[in-house]
Amino acid sequence: MNDRAGRRRARRMAIGTAVVLALAGMNGPWLYRFGSEKYHQYKIDKQEYKAENGRWEIVDFPEKYRQNTIHAALLHTGKVLLVAGSGNDQDNFDAKQYDTRIWDPVKGTIKKVPTPTDLFCTGHTQLANGNLLIAGGTKRYEKLKGDVTKAGGLMVVHNENPDEPITLPAGTRFTGKENGKTFVSKDPVLVPRAKKNFDKETGEFLGNTPGYGRTYVEAQKEGAKHQTGTQDNYTVQGLSGEDARNTYGIAEKLALDKKDFQGIDDAFEFDPVAEKYIKVDPMKEARWYPTLTTLSDGKILSVSGLDDIGQLVPGKNEIYDPETKKWTYTDKVRQFPTYPALFLMQNDKIFYSGANAGYGPDDVGRDPGIWDVETNKFTKVPGMSDADMLETANTVLLPPAQDEKYMVIGGGGVGESPKASEKTRIVDLKADSPRFEDGPSMDKGTRYPQASILPDDNVLISGGSEDYRGRGDSDILEARIYNTAKNELRRVADPLVGRNYHAGSILLPDGRLMFFGSDPLYGDKANTKPGEFEQRIEIYTPPYLYGENPQPELAGGPQTIEHGESGTFTSKDAASVKKVRLIRPSASTHVTDIDQRSVALDFETDGDKLTVTVPESRNVVQAGWYMLFAVTADGTPSKAQWVQVP
C-alpha cells in the first residue's frame, strides 16, 4: 500500500468511527458501546499507541492441544514447556490423564509429551546442564468437609525396638485401646528402630527413644459413628511376640473433617533436547507446593510442601545433587508456608521475601528475612507493609541482579481471605541495615500479580484479582511497567484475558512475554456458577519492540562462557549498544518464579564486535543456560543469543 492510499484508508476509518459515535449519541447505549469498541480497537492498533503502551494478542492453539497449564518453563532450545499434570481436575486425576505440551513460539508448533505422574503443583528449577528439575506433585486430591465419608487422619507409628526397624504394609489395621475402633492404613510405612540414649559423662544407659513413622488411616466403614474425639493408643493387628509389644500407634482425632491434598516424592529431570522426562532419585519427603532454589554450587534446595498425608512438611528440607541424582536432608530444620519465595543471595545465604502461595499456619514461617542454611540462623528484615497480606504476593529480583534489590508486589490474606494489598515494597539487601520501604502503589488490591523482568531493566506487572481466585468477577485487566531507575509505575495496554490463581508469565528470547493459566473459583459476579480454567495463551509485545529503531542484531559468539571469562559476538549495531544483560530463563507457577534474574555484563565494542564478560561470582550467575540481550540507548533489545555458563 502506498502512502497516499494509506492516508485515504486512515481518513475513511476516522470518518467511519466518528459517524458511529455520532449515531451512538442519538440511538442509545448499544450503538455507543459498539462505537466505543471500534474506536478502542482503532486506537490500540495505531503505531503511536503501541510504541507507548505495547500490544496484547491471543495465541490460536488448536483445541486438541489446549490444556489447563499450571507450570511453564522456558527451555534453552527456545521452546516452552507447559505442564498441567491433572490440571486441577479430579476427573483427569482419577483417569490418570496427565498432560504436558511443548510449544515453539517461533514456529508455532505444539507437541504432546508423555507425562509420567501427576505433576500438578510440583516444584521446578533450571539445572546447570540445561535440564529442568521437577520434583513433587499430587498423590490425592483434597476432600471438602461434607464430601468425606470415612473418618480418617494421621497415625503416628512407634517402634521401641532398638535393634530392628519395622515395615507395615498398606492395609495394616490399627485398633484403639480405649475407643475400640479400627482404622486401616492407605500406604506402607517404614518405622526406624529406637535410639539408645546414654549419659555423655558416665556412659549410663538412660533408655530408648522410639523411632516413629507416619501414615494416613481411614475407618473401615463410612459414617459419623466411626469418628474419634480424642487421642488414643492403637494396637497393630497382625503382629506377634516382640513386634507386637514394641510397635503401636498414636492418633489424635480421626474425623470427617476436610482432607487436604497429599504430595508425592517423585522427581524428574526434563531433557529439552530429547523432550522427555527422566526419572531420578525420589525426594526424602513427599511434597505438594514445594519451592526449589538453585544454590551457588549448582545443587538444589527443596523446601516446604504438603506431605504424603496432607500435612505441611515439618521443616525437613533437602538438597539435590545433579551429579549423583540423589537427595540428602539438610542438618537443621526450618519451616515455611508452601511455595515460599526463596532466592540465593550474593553472600551465599537465602533471602525469604515473606511471599508464599497457599498452605501453612498464619504464625509460622511468615516473616521475611535472611536465612543461613548451614547454621540455620534466620535474621528478620523489618519494614514490610501489609505484612499479613503476603500470601499470593509476587517477588521479583529487580534488574540488574548485582544491585540485590527485591520488590514484593501485592498479595492477600491467608487462605480464602478477601483481603488484598495494593502495595509494592522494596528492600535493598546491600544496605547496612536492610529494611523494606514502600514503592509506588497499584490502584487496586491485587492477589496473584504476574511480574516479568524485561531486558531494558524494567518489570512488567500485570493481571491478578482483587479477591481470592477472582471471586466476585474481580480479575484486574490492567498492566503496568515499573521503571527501576525512576521508581515509577506507568499504566500500559490492558491485557485481554483475566489471570488469577494458577497463572504465570515467561520472558521469551525475542523480548516478548507469554502469559498462561488462570483458575477462577466462580464464573460470575454473584459467585453462583463454577469457574472454568483459562486455557488461552496470551502474548504481550512491549513498547520497545514498536519503536522507531529495529532490534539490534546480535550473532555468532561462543555458546559457552566460563565465570570471569569473555566472549565476542558480532553486531553491525555494536556502537549503539548501551547495556548487555544475561537473563536466566523462567520456571513459573503460582506467582512464584525463583529462577528469573537479569545480570549486567561488562562489555566492550570494536567495530562490529561486541565482547562481553561474565561475572566471577556463582552466587550472581548460577551455572546454567542464559539469554544474552544487547540493548540500545532507547531500550530496544536484540533477540537473545543462548549462552551456557558452566
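**Pockets, cores and salt bridges in a predicted model**

Colleague: Is Glu142 buried, partly exposed or exposed?

Modeller: The model is predicted, and the value is computed from it. Glu142 has a relative accessible area of 25%. Buried means under 20% and exposed over 50%, so Glu142 is partly exposed.

Colleague: Which residue forms a salt bridge with Glu142?

Modeller: Glu142 lies in the loop between β8 (138-140) and β9 (152-159). Its partner lies in the loop between β18 (247-251) and β19 (262-263), so the pair ties together parts that are 116 residues apart in sequence. The closest N and O atoms are 3.3 Å apart, and the partner is Lys258.

Colleague: What is the volume of the largest pocket?

Modeller: Glu142 is one of the residues closest to the centre of this pocket, along with Asn88, Phe261, Tyr468 and Arg469. The lining divides into 17 nonpolar, eleven polar and twelve charged residues. The volume of the largest pocket is about 980 Å³.

Colleague: Which element gives the most to the lining of the second largest pocket?

Modeller: The second largest pocket has a volume of about 650 Å³, and 22 residues line it. Both β13 (189-191) and β16 (211-219) supply at least two residues of that lining. With four residues, the one that gives the most is β16.

Colleague: How far apart are the closest N and O atoms in the salt bridge between Arg214 and Asp307?

Modeller: Arg214 lies in strand β16 and Asp307 in the loop between β23 (300-303) and β24 (318-321), so the bridge ties together parts that are 93 residues apart in sequence. Arg214 is partly exposed at 23% relative accessibility, whereas Asp307 is buried at 0%. The closest N and O atoms of the pair are separated by 2.2 Å.

Colleague: Which residues have the most contacts inside the largest nonpolar core?

Modeller: In soluble globular proteins, nonpolar side chains tend to be buried together. Here the largest nonpolar core has 46 residues. Leu460 is in contact with residues including Trp56, Leu454, Ile481, Val492, Leu513 and Phe515, its neighbours within four places in sequence left aside. The residues with the most contacts inside this core are Trp103, Leu460 and Met514.

Colleague: Is Leu508 buried or exposed?

Modeller: Leu508 is found in the loop between β38 (503-507) and β39 (513-517). Beyond its neighbours within four places in sequence, its contacts are Val80, Pro105, Met514, Ile539, Met627 and Phe629. Its relative accessibility is 1%, so Leu508 counts as buried.

Definitions and conventions
Residues numbered from 1 in each chain as written. Predicted model: local features only at pLDDT ≥ 70, side-chain atom pairs only at ≥ 80, totals over all residues. Heavy atoms only, no water. Core = buried A, V, L, I, M, F, W, Y, C linked by side-chain atoms within 4.5 Å. Buried < 20%, exposed > 50% of the residue type's maximum accessible area, 1.4 Å probe, protein only. Contact = heavy atoms within 4.5 Å. 1 Å grid on protein atoms, 1.4 Å probe; cavity = no way out; pocket = protein on both sides within 12 Å on 5 of 7 lines; lining within 4 Å. Points joined across faces, edges and corners; volume = space filled by probe spheres on them. Nonpolar A, V, L, I, M, F, W, Y, C, P; charged D, E, K, R; others polar. Salt bridge = Lys/Arg side-chain N within 4 Å of Asp/Glu carboxyl O.
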